[in-house]
Every structure is written in structure tokens, then in C-alpha cells.
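Try each task before you read its solution.

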Amino acid sequence: MIKLFFNALIGILLTACSQAQPTDTPQVQHGYLYKVEPAIPGKEVYICGQRPFNAAGELVGPGNLGLQTQQVLENVKASLKTINMTMLNVSQVTYFVRGDSTSVPTGSAQALSSQATSYFAKLPDIVEIKSVSKNVRDDVLVEIEVVAVK
């Protein structure tokens, strides 16, 4: 009898949990968004793992760092919009560029800078460009993470 009771209780709990829906989790395409609401005024948002995939999950600009950077920045912009922020709220941006050494080639840095000027009216306070030997896939040339403050 006790075993039957526990089985019924587990069934009820599993049914209730499967019907639970998160209410304030925004939909972010192809990356992660973390909201931090500190006790002090303002709100920090961390957007990580933004990659050059469109809404259909397709890689944009294979072999073209400029096009991939543009798509990633579009994804960042879309993520910020889900929480009523814009690119003006970005205080820090880190670019992870696929490369073979520890330094980023000048051409890659120029391609990133060229795209950034069309997305940021004012450059963020902190801009980092890091060379990485591997991204999530070999054809992904850039990944971006940002910190935004409201």
C-alpha cells in the first residue's frame, strides 16, 4: 500500500513538473543570456556563446570573418532586445577569434573593428580580442560574449 502511494505521488509530481513553464526566461538564439539583478541600482546582463548562426541554425558566412562577426552582433542585438536593452548598454565585449597562435592577425582585428563600428555608436569601455585554437566547430571563426548594464 505504501509503495502504491509513493508511486502515485511520484506520478503526480512528474506530471506537475512537466507542465511547469518558466515565465521570465527570454528566448535567445544560439547562445546564453544571464541576468544578474544586484541589490544596488542597475542590472547586469551577460551574453555568452554567441555564434554566427541565423534563426534557422545555419552558419552564416563560411570562411568570412566579417560576415560571421556581423551575424554574431545581430544575435547579440536580438538577445539584448528580449530584455529591453540595446547595444548602447554594452560595457564590455570579448571576441574569441579562431587562429593558430596567441596573437590575433591584424587583418582579423581590422575585420572585427569594421563590424563593431556599425553596431556600437560608442565603443564599450572594455574590448578584448582573444585568439583561440578551436571554437565549437572548425568553420566557426568568431564567438562573442558581452556584458551589458542598465
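Predicted model: local features only at pLDDT ≥ 70, side-chain atom pairs only at ≥ 80, totals over all residues.

**Exercise 1.** Is Asn-75 buried or exposed?

Solution. Residues are numbered from 1 along each chain as its sequence is written, and side-chain values use heavy atoms, with hydrogens and water left out.

Next, take the cut-offs: buried is under 20% relative accessible area, exposed is over 50%, and partly exposed is in between (1.4 Å probe, protein chains only). Asn-75 has 0% relative accessibility, so it counts as buried.

Now look at its surroundings. Asn-75 sits in helix α2 (helices are DSSP runs of H or I, at least four residues, and strands runs of E, at least two, numbered from the N terminus). Its side chain makes a polar contact with the Gln-71 side chain, at 2.9 Å (a pair of N or O atoms within 3.5 Å, one able to donate a hydrogen and the other to accept it; residues adjacent in sequence count only if both atoms are side-chain atoms).

**Exercise 2.** Describe α2 from its cap to its span.

Solution. Start at the N-terminal end: Asn-64 caps it, with a side-chain oxygen 3.0 Å from the backbone nitrogen of Gly-66. Then check the span: α2 has 17 residues and reaches 24 Å from first C-alpha to last, close to the expected 24 Å (1.5 Å times one less than the number of residues). Finally, pick out buried residues, among them Leu-65, Gln-71 and Leu-80.
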